[in-house]
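Q: I would like to learn how to read a few structural features, one at a time. Please give the general idea before each case.

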Amino acid sequence: MSSSDADLRQRIQELETEVRHLGNELRLTREEYEDATSKYLDIYCNLEKKISERTRELDAANGKLVLEIEERKRTEAEKEQLIAQLQKAMQEVKVLSGFLPICASCKKIRDDSGYWSQIEEYISKHSNALFSHGICPDCVKKLYPDFHAELRRRTKK
Amino acid sequence: MDGAKKTNISLAGLLELVETSTLSSIKGTVGGILSLISDPTASSSDLIKLIELDPPLTAKILRVANSSYYATSKTIGDIQQALIWIGFDTLKEIILTQKMSELYRGGTPVGGYSRLQLWRHSLGVALLAKTIYRREFGEKGNNAYAAGLMHDIGVIVEDQLLHREFMHLVQVLEDIPQPLTDGENSCFGYDHGLVGKGLAENWNFPAELIDGIGFHHDPEGAREEHRLFVKTIFISDYLMFEQGYGYVAMPLPDREILQQYVRDLGLQWYALRAIIEIVREELGKIEQKGYLIA
Ligand SMILES: [Fe+2]
Ligand SMILES: [Fe+2]
């Protein structure tokens, strides 16, 4: 075998090795590429799952929020009603507060429009108070002296 | 040995020291990534969970993933994108490489030794072992990369924790040429293979890796089922030293042992030479792009 034969043979061996090496490299690279693709799909699916989980969470949170808003509206309405009642009560209280112009002699009270009304009429109109009429001992003495004397005599016995 | 004083710290004592030293800071992430590498059913979400436990890691991964070394056409903005564009396996390698590189920072060169040289050597052995697996055996060789990267972890443990004694030892090796393991044995009573093996066992590394680290200078000592794997690490270690990627001045073991292991693995020298060329090119690229420096 000549030396150029040996050279040629060696060159062929080297080329065969290179082909084999590159073949292995190519196959492994292809496998890694496929692996990366499946990993990509993994990640993508995970992402999808995460998004749908998140959406569910948001839906639940949203439902809760709607309930809360309704609850809040209801208490707000109740509060408004209460405030209205209070305001009304306040107005009524206000009518009977402050200065009441009253006649020093006949005790009639003057209202905002300048009309003089009996004290019981005025108070009945501006409050929930009701009047039950009676007569005090001083007035009995003044208006019915005889009845008054008779009354005294009886209670002394 | 001549000129070196014996240290009185035992192997067990040294391994205990490791647990309380800064070396142990890489334990969680490295342990996690190694089990992901050796578990074929591991999913990308396992990897993402692991990365999330180590916040500064994300930025480092993205920096490497976007470096011109990987030269993807797209800017990689998060781990998901990194997974898609540079792949699951490469990403695991980047993480392991980043975490391991943390151990090799600093230090001053003494004699023929420096941490940077040791790191270059480790990267070279990792790439060579992996490329042999890929090109010759047609397998991914992720474990071979990990074992190559970590095989001399015992050396960095000695450098970090028995610093004075170790620096003295590398100085002595300059004057009295002998294999590093011989020097270690007379100086410490154990060598970096044993130290690495102890650490790998304590940190629950996969069995193949424990043997790869523990027996890289003595593959026949490894379990039968891991022997070819360990021989690949031995060959890669030997060849990287020969190629100028050593880290300490020392005579290499008898070349006949190397020849024997090459035959055991069914490798042809012209095929190995072609692989060495690829690795040299790759290492050159790594050094040029500055990815080498931790
Ligand atoms: Fe070693
Ligand atoms: Fe080594």
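Q: Is Asn204(B) buried or exposed?
A: Buried means under 20% relative accessible area, exposed over 50%, and partly exposed in between, with a 1.4 Å probe and protein chains only. Asn204(B) has a relative accessible area of 67%, so it is exposed. This is a predicted model, in which local features need pLDDT of at least 70, side-chain atom pairs count only at pLDDT 80 or more, and totals for chains, interfaces and linings use all residues. Residues are numbered from 1 along each chain as its sequence is written, chains are lettered from A and ligands numbered from 1 in the order in which they are written, and side-chain values use heavy atoms, leaving out hydrogens and water.

Q: What is the phi of Asn204(B), and where is the residue placed?
A: Most residues other than glycine have a negative phi. Asn204(B) is not a glycine, yet its phi is positive, about 55°. The residue is in the loop between helix 12 (192-202) and helix 13 of chain B. Helices (H or I, at least four residues) and strands (E, at least two) are DSSP runs, numbered from the N terminus.

Q: Which loop holds Lys107(A)?
A: Lys107(A) lies between helix 1 (3-95) and strand 1 (109-110) of chain A. Its phi is also positive, about 65°, and Lys107(A) is not a glycine. With a relative accessible area of 44%, Lys107(A) is partly exposed.

Q: How many helices and strands does chain B have, and what is its radius of gyration?
A: Chain B has 16 helices and zero strands. The radius of gyration is taken over C-alpha atoms, and the globule rule is 2.2 Å times the number of residues to the power 0.38. For the 294 residues of chain B the rule gives 19 Å and the model has 19 Å, so chain B is as compact as a globular protein of that length. Of these residues, 57% count as buried.

Q: What radius of gyration does chain A have?
A: Chain A has 53 Å, whereas a compact globule of 157 residues would have a value near 15 Å. The C-alpha trace of chain A spans about 170 × 45 × 20 Å along its principal axes. Buried residues make up 10% of chain A. The chain has four helices and two strands, in the order α-β-β-α-α-α along the sequence.

Q: Which residues touch the most other members of the largest nonpolar core?
A: In soluble globular proteins, nonpolar side chains tend to be buried together. A nonpolar core here is a set of buried Ala, Val, Leu, Ile, Met, Phe, Trp, Tyr and Cys residues joined through side-chain atoms within 4.5 Å. The largest has 101 residues, and Leu96(B), Met100(B), Tyr113(B), Met150(B) and Phe205(B) touch the most other members. Helix 7 (residues 115-136) of chain B gives the most to this core, with ten residues. Contact means heavy atoms within 4.5 Å. Not counting residues up to four places away in sequence, Met100(B) touches Ile26(B), Trp119(B), Leu149(B), Met150(B) and Ile153(B).

Q: How many residues of helix 8 of chain B are buried, and what covers them?
A: Nine of the nine residues of helix 8 (residues 142-150) are buried, so this helix is largely enclosed by the rest of the structure. Among them are Asn142(B), Tyr145(B), Gly148(B) and Met150(B). The cover includes helix 2 (27-38), helix 6 (88-101) and helix 14 (227-242) of chain B.
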